[in-house]
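The sequence and the coordinates come first, and the text follows.

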Amino acid sequence: MPHLQLKKHGNRCWIWQTFVVFSTDVYVMTLCLKAEVSNLNLLTFALQVNTNGFVSTAKPLAESEYLGNMPASFSIIAAFLGDLDTSDGIGKVYVRQDTSPDILQKIAEQISQAFPNEDEVEPTHAVIVTWEKVAPQGAPERGDGSIKQRNTFQLVLTSMEMSTYAILLYPKDDIQFFSTHIEGANEPVEAGFSKGAIKSWFSWNSVQGPYYRITTDDEDSIKDLTELTNSGRPGLWVYEIGSSAPDSSITPGQVVTPEEGVPEPSVSEVPESIISESLLTQDYPPDEQETPFPEIPSTDNPSLNWQPGPLHPPHFQPEKSEIQPKTRSQPIYSQVVIVDEQEEDLNVNGERQKTCSNNRQKCSHFADCRDYASGYCCHCKPGFYGNGKDCVADGKPQRMNGKVSGRLYVGNMTSPVEFANNDLHSYVVANDGRAYVAISSIPDSIGPSLQPLASLGGVIGWAFALEQPGYENGFSIIGGVFTRQAEVTFQPGGEKLTISQEFKGIDEHDHLVVTTQLEGQIPQVPPSATVEIDRYSEIYQYSSNLITSSSTREYTVSLPDGFVHTRSYLWRQSISFQGCPHNDAALSVPSSQQLSVDQVFVMYDATDQLIRYAMSNKIGGTPQQNPCFTGRHGCDTNAACRPGQGTQFTCECATGFTGDGRACYDVDECRETPGICGAHAICNNQPGTFRCECIEGYHMSPFLVEVDHPIDHCQRGTHDCDVPERARCTYTVRSSYICTCLPGFSGDGRACQDIDECQTAHCHRDAICYNTQGSFTCQCRPGFHGDGFRCTSESEREKTRCERHREEALAATSGGHFFHPRPSVGQYVPTCDSYGAYEPTQCHAGTGQCWCVDRDGQEIPGSRTGPGSRPMCFEHGVDPPIVGPTPSPEVSPLAPGTNLLFAQSGKIEHIPLDGNNMRKEETKTLLHLPDRVVIAVAFDCEEKMVYWSDITQPSISRASMQGGQPTAIITTDIQSPEGIAIDHMSRNMYWTDSILNRIEVATLAGRHRRVLFDSDLTNPRAIVADPANGRLYWTDWNRDSPKIEMSNMDGTDRTILVREDLQLPNGLTFDPYSRQLCWADAGAHKVECIDQYTHLRRKVLDEIQYPFAIISYGRNLYYTDWRREAVVAVDRVAVKEVDEFLPQKRSRTYGITTSYPHCPQGENYCTRGNGGCSHLCLPRPGGFTCRCPDVGDGSCVESDRSF
């Protein structure tokens, strides 16, 4: 069990030693405390801070000695004693000593409030212990990432000359459980003070000392900790726990009625950076300081806030020995007091020293800190812009992510339309001022009416507007932390809308974060109408920490019958921010600046329920003619335009990118500078930048603090494994390691020999196998294309709709040419991209007109422009449009060929495959999904889209593999989606829900939902499809009766395929080439396969650990393992594990799938024209079924067709 220990170190200080015990490993940290704690017998020997919610004087014995057996034989201060869990990486314990005057003053005020008659409360130092987000040990878990209940509480020990006090804090919103599981029963936690065993006056034997118990065996007494008080503040408890007198006892605070208007305490979110503050040290003379310690940065986050709360008399219950309340005249032992972590607005370092030496860490990594007479300010370095606390590279595109909530009345509606936490995504091409905004899950009842409000997300356009000479955009002046309040008054109806936005700065993914709240009334725009917004200008007035603006904006509403309404609204807004008051140069910003907005484009997509805005923004006066100021320069989207004389300019790639400025490629700092993060850290490359993350056993601080000194022989090269070209050395624990031969070699790891895979490899029949050292390659024969495992004749690939459309247009020639047909004069010829899809912008070569099209090539109404102008079109299904870095010819965002895609925590990563081998060194993150738990992953080879399920905010989403933001397609009536199957031929998807216990189907856009099965299902998880044969397979990990079932894809012919010898079938995959259905069983710890036709079942591998998902490719099976936190490759022909990929950031791995450059050959009865069905076309062997969605519109017709 992890604990912290306080030991005497020489005559100067006390040493905190941290023992974090994982299995057999013990890790030690030391912290030298400045002041020596006085002679309380609780601290006579050593102070142990235990993760089970208490502090003691000696290393605790077995948990059975104190859990459920209080009072224990050793001294204990029990803040929240129970069987608590901090092993999952979320729960943490923080410890520090504080002697700052601000902190001690606040502690003195709390003690004085609890003991009004106490004079001269002058604490000299304090020790602060915080248990943050700890969970009950052994709490039941479904296996799907469900969130546990967690508690956060704090203990403070503070000493004065003659006495010691303890302060305990229990914030109401942060105490979620009141008992833990001990020896088969739920036992209430305990809080109190116990002296343990003491010497008897009458014998040589020890007797149990006094136990002052704050709580009782009733859970209500634990709940009362958050609502009652003895200090005048609900949830905060103060005790005098020692003095110099030998007969001292525990004295509680005397104010059991809260002060009027005093709120109860609550703990705010503690950022990850606070981990570096868990050890706080003081400086000593060099000759007396045995070990150097880093200076720990301060934090701006107050530990708690106070909110009103009820108050009742507290419960006190002494046990074992009678403890009489003592009078205030009785002396007390001098003793250290321990308080729970959320202190009352105790800013650890405060603003005591407003200089760069103490506050440099508050500036951006891309900023310099400068001292001024009255304080310090942060300034972005050359090549970056911002306010110094937030800095971004010149010319680099900027993204904004956030949430939108609202309560709006539309037109004459009598009841409002309410929505909450809808995703907002925005993208700005900073070097020309183009801004794109998209808000998802906007219902039809309000979507069309939001179209006039382009400035709803247009604030990012102002923040990153194209700057004219002598002017600055919003981000350059105020950075990314500010609040925006806007009022919109519509004419002629007088409707009013208020917009409140909070911008929270740049997050770890370099995205600007914002929350938006809408309240009020807006005029109704008919669903079929289009909206056009005229270009407008707006004057921004700048003053100290406040920016205001107002303007009148006109827009037109065009109805299908040709009638056009012209309307307007008055826009007023104020932007509040906190500037740096110490730098006079900051006052040089012009008192007013003009924002010019033109090329405004708005659209509501009723199918995907998306509202989209696009606009071009410039800040300053009349735009100059230099292309850098007009935005017509042609520089790469990741480049800055540098103006020259007249109309001359140059393009310069943004920091973190390389190239000639016309084409910029991301610099992979991690690969080019391997040691950039230093020892004990891993480097994660990101577009234009990189992030350093500590490996397990280390935490981030001004420099990495080592927690242990095990010898990693693999890293040092002091192992005896075979050479790296044939073997892999894997560090295990402490100083141990194992040797294993690399894939393609056999042996014991210390001596490995090449395997000739071509003797057994399964290349395609139209491919040739070539053996190489440790591997082999499959190459399609001339006249065929593919990866060697799948080879298709060049003449067999089916052309896309755009390609067929283009061929038909070119075929309609007037005379033409023999080799290169030309279209007839006036003939429109569509433009297709490299994948055969319609380009979003189509133009007529004869008339010069351009327009936007959807993915089916249909023109989007209202997007057509005249000759010489091009509309701002959105990519199909991408939110917002793809405007990203040009892929490098050497390193593409997604490697060509086949890739493994797997989910881990808040991201989806991809591993390129070379034949059956994982190119692990080329693994990269495909998609960052912060604060999400991604479970299932699937791939649509037709549109190159990745699909995934999320259980934190239950939904199914998708994104293009070529770039763009995620789009949620299933967000309602869904609770725990754990499996997704894609039918790329019929353009449908199937998914399981293990809480609703059902299987559903819908189109790939999330439309026409229909429940396929909702009976005889308990915990459905994995699901796979065989579109060519119209079959569906799924697992049910019902622990009482697990099974694997199959049916036709229209829901007919449901049957149980496997029932015997199953325990926890998690993963499932189907190989159409071998007709093998394979699964991974986390209960039986093995991988098995079965032929669905012969029912021949065979074991592939056993003695595996905890597999979650599995996928088949070539001769290999690849599965994710929760315990190994890895992706494991299994050769199902050789029946053995052949490779393993361990992500740099270790955490559970979830869903896994493969992405293909081309779809497998074949089609089913629904492939062409949706089978003639009006809604869902569901294939089955020998036919298909037309099915209606569960929520129909009356136009659907059902039918069955067989052939």
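A disulfide is here a pair of cysteine sulfur atoms within 2.5 Å. The torsion about the S-S bond of Cys-714 and Cys-729 is about -65°, so this disulfide is left-handed. Cys-714 lies in helix α8 (residues 713-716) and Cys-729 in strand β47 (residues 727-731), so the pair ties together parts that are 15 residues apart in sequence. Helices (H or I, at least four residues) and strands (E, at least two) are DSSP runs, numbered from the N terminus.

The model is predicted: local features need pLDDT of at least 70, side-chain atom pairs count only at pLDDT 80 or more, and totals for chains, interfaces and linings use all residues. Residues are numbered from 1 along each chain as its sequence is written, and side-chain values use heavy atoms, with hydrogens and water left out.

**Overall content**

The protein has 9 helices and 84 strands. Of its 1203 residues, 54% are buried, where buried means under 20% relative accessible area, exposed over 50%, and partly exposed in between (1.4 Å probe, protein chains only). Contact means heavy atoms within 4.5 Å. Among contacts between residues at least 6 apart in sequence, 55% join residues at least 24 apart.

**Disulfides**

The structure holds 19 disulfides. Three of them are listed here.

| Pair | S to S distance | Torsion about S-S | Handedness |
|---|---|---|---|
| Cys-653 and Cys-664 | 2.1 Å | -90° | left-handed |
| Cys-714 and Cys-729 | 1.9 Å | about -65° | left-handed |
| Cys-1078 and Cys-1089 | 2.0 Å | 105° | right-handed |

Strand β41 (residues 639-643) runs antiparallel to β42 and is joined to β42 by 5 bridges; two strands pair if DSSP finds at least two bridges between them. Within this pairing, Cys-641 stands opposite Cys-651 in β42. The two strands form a hairpin with 5 residues between them, and Gly-646 in the turn has a positive phi of about 60°.

**An open sheet**

Which strands make up the open sheet, and in what order? Its 4 strands follow the order β69-β70-β71-β72, with antiparallel pairing. The edges are β69 (1020-1026) and β72 (1055-1058), each with a single partner strand, so one side of each has no neighbour in the sheet. Neighbouring strands are turned by 30° against each other on average, direction ignored; axes are lines fitted to C-alpha atoms, for helices over the stretch in contact, and angles run from 0 to 180 degrees between N-to-C directions. Strands β70 (residues 1031-1036) and β71 (residues 1043-1048) pair in the antiparallel sense over 6 bridges. Arg-1031 has Asn-1048 in β71 as its bridge partner.

**Nonpolar cores**

In soluble globular proteins, nonpolar side chains tend to be buried together. A nonpolar core is a set of buried Ala, Val, Leu, Ile, Met, Phe, Trp, Tyr and Cys residues joined through side-chain atoms within 4.5 Å. The largest such core has 64 residues, and those with the most contacts inside it are Ile-446, Leu-450, Leu-453, Trp-462, Phe-464, Leu-497 and Tyr-613. Strand β39 (residues 592-605) gives the largest share of this core, 5 residues. A second, separate core of 45 residues includes Cys-780, Cys-791, Trp-1037 and Tyr-1113.

**Two single residues**

Arg-1010 is placed in strand β68 (residues 1010-1013). Its side chain and that of Glu-1198 are joined by a polar contact of 3.2 Å. A polar contact is a pair of N or O atoms within 3.5 Å; within protein, one must be able to donate a hydrogen and the other to accept it, and residues adjacent in sequence count only if both atoms are side-chain atoms. Leaving aside neighbours within four places in sequence, Arg-1010 is in contact with residues including Ile-999, Leu-1176, Arg-1187, Asp-1190 and Glu-1198.

Tyr-239 lies in strand β18 (residues 236-243). At 0% relative accessibility, Tyr-239 counts as buried. The C-alpha atoms of Tyr-239 and Phe-115 are separated by 9.3 Å, while the two residues are 124 residues apart along the chain.
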